[in-house]
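Me: Hey, can you walk me through this one? I'd like to go bit by bit.
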Amino acid sequence: MLNISVYTLVNVTISLQRQLSGERRTAPGLWPMQNGESMSPQDSKSQSQACVEPSAPPLPPPSPPPPGPPDYPRPRLIFHTQLAHGSPTGRIHGFTNVKELYAKIAEVFNISPSEILFCTLNSHKVDMQKLLGGQIGLEDFIFAHVRGETKEVEVTKTEDALGLTITDNGAGYAFIKRIKEGSTIDRLKSVCVGDHIEAINDQSIVGCRHYEVAKMLKEQPRGIPFTLRLVEPKKAFDMIGMRTKAPKSNDCKMVNGKETLRLRSKGSATVQEVQNEFEERATKKVDDLLESYMGIRDLELATTIVEAGKDKKNPDDFAEALDSVLGDFAFPDVFLFDVWGAIGDVKNGRI
């Protein structure tokens, strides 16, 4: 039988409690070890004070990166297309400007976008009244006219004007939209409406806008021959009939037949109502003035001019608005005043 005194049990109990609690006093006046060194109460107090001192304010969060260009929503609209000289029917969607449209058509038919000269709507013929401009009806059928034969023509100006009206496809190709009857060009039967003007005197003009090409032709001196290199559209097959509506498709948006897809050189394409009577008449009048002053036809350009001027109160505001969207054209003042007058005449019912 073990004989353990009360004193021994108390000492054992105290020792166990100290071990369990981790309490270790190494000498009078010293506190437990920290980092291998004894700490005095003063040291502990100073460290405690150091711990409660306020820390430096946190650094502000980094500024967010500048926003990138906005992601323009692409209308999910399905359009049907063919090559004007004959092909199966393809379907395209997801484009917001003419260059993207040509790229989509080229992808469907496995050709280069540079092969496409221009597009017409609902007709495979080289019909400048059906030319695709900045708007496509949601039920329109798109025919793409591609490069055909190349030809060179020698021209000698006998008067200041050649009798040409130039337009372009919005993707770098200028072509002939109209030939004035009895003019210098009209007498050259090898030059036709729809021909792409590829070079003047072996100087390539691919990538030039229509007004730049018109200016170059106007500056050609009288009596001195110059050469035009032209590319005609590939001839269409006679068995292709005119389309007035695209085939029905379950993937297409339901439309009322009065909406168009407006293509823009900058920003997103938008679906909008067709022009009202005022806008349609004013656009036609402005397009006539473009031909008269600059030798070009461009319904998209005329539409943009009308949009800039229809709500303005005076010609100065109109000129400022036009300069903000079409400053590259550097329109002469006399043209601006005539356009302002034409818009006012149509608005007030005088024409």
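Me: Where does N169 lie?
Reply: This is a predicted model, by the way. In it, N169 lies in the loop between β8 (164–168) and β9 (174–179).

Me: Okay, and is N169 buried or exposed?
Reply: N169 counts as buried, because its relative accessibility is 7% and the cut-off for buried is under 20%.

Me: What does N169 touch, leaving out residues up to four places away in sequence?
Reply: On that count, N169 touches V98, Y102, I116, L117, F118 and F175. There's also K99: its C-alpha atom and that of N169 are separated by 9.0 Å, though the two residues are 70 residues apart along the chain.

Me: New topic, helices. How do α5 and α8 pack?
Reply: Helix α5 (residues 277–294) packs with helix α8 (residues 333–347) at an angle of about 155°, and their axes are 9 Å apart. That angle is why α5 counts as roughly antiparallel to α8.

Me: Which classes of residue make up the contact of α5 with α8?
Reply: The residues making it include F278, L289 and Y293 of α5, along with F335, I343 and K347 of α8. By class, the contact has 12 nonpolar, no polar and 4 charged residues.

Me: And which residues touch the most other members in the largest nonpolar core?
Reply: Those are I197, L217, L290, I305 and F331, in a core of 43 residues. The largest share of this core, 6 residues, comes from α8.

Me: How many residues are in the second, separate core?
Reply: That one has 28 residues, including L101, L117, V231 and L261.

How values were computed. Residues numbered from 1 in each chain as written. Predicted model: local features only at pLDDT ≥ 70, side-chain atom pairs only at ≥ 80, totals over all residues. Heavy atoms only, no water. Axes fitted to C-alpha atoms, helices over the stretch in contact; angles between N-to-C directions. Helix = DSSP H or I, 4+ residues; strand = E, 2+ residues; numbered from the N terminus. Parallel < 35°, antiparallel > 145°, perpendicular 65-115°, else oblique. Contact = heavy atoms within 4.5 Å. Nonpolar A, V, L, I, M, F, W, Y, C, P; charged D, E, K, R; others polar. Core = buried A, V, L, I, M, F, W, Y, C linked by side-chain atoms within 4.5 Å. Buried < 20%, exposed > 50% of the residue type's maximum accessible area, 1.4 Å probe, protein only.
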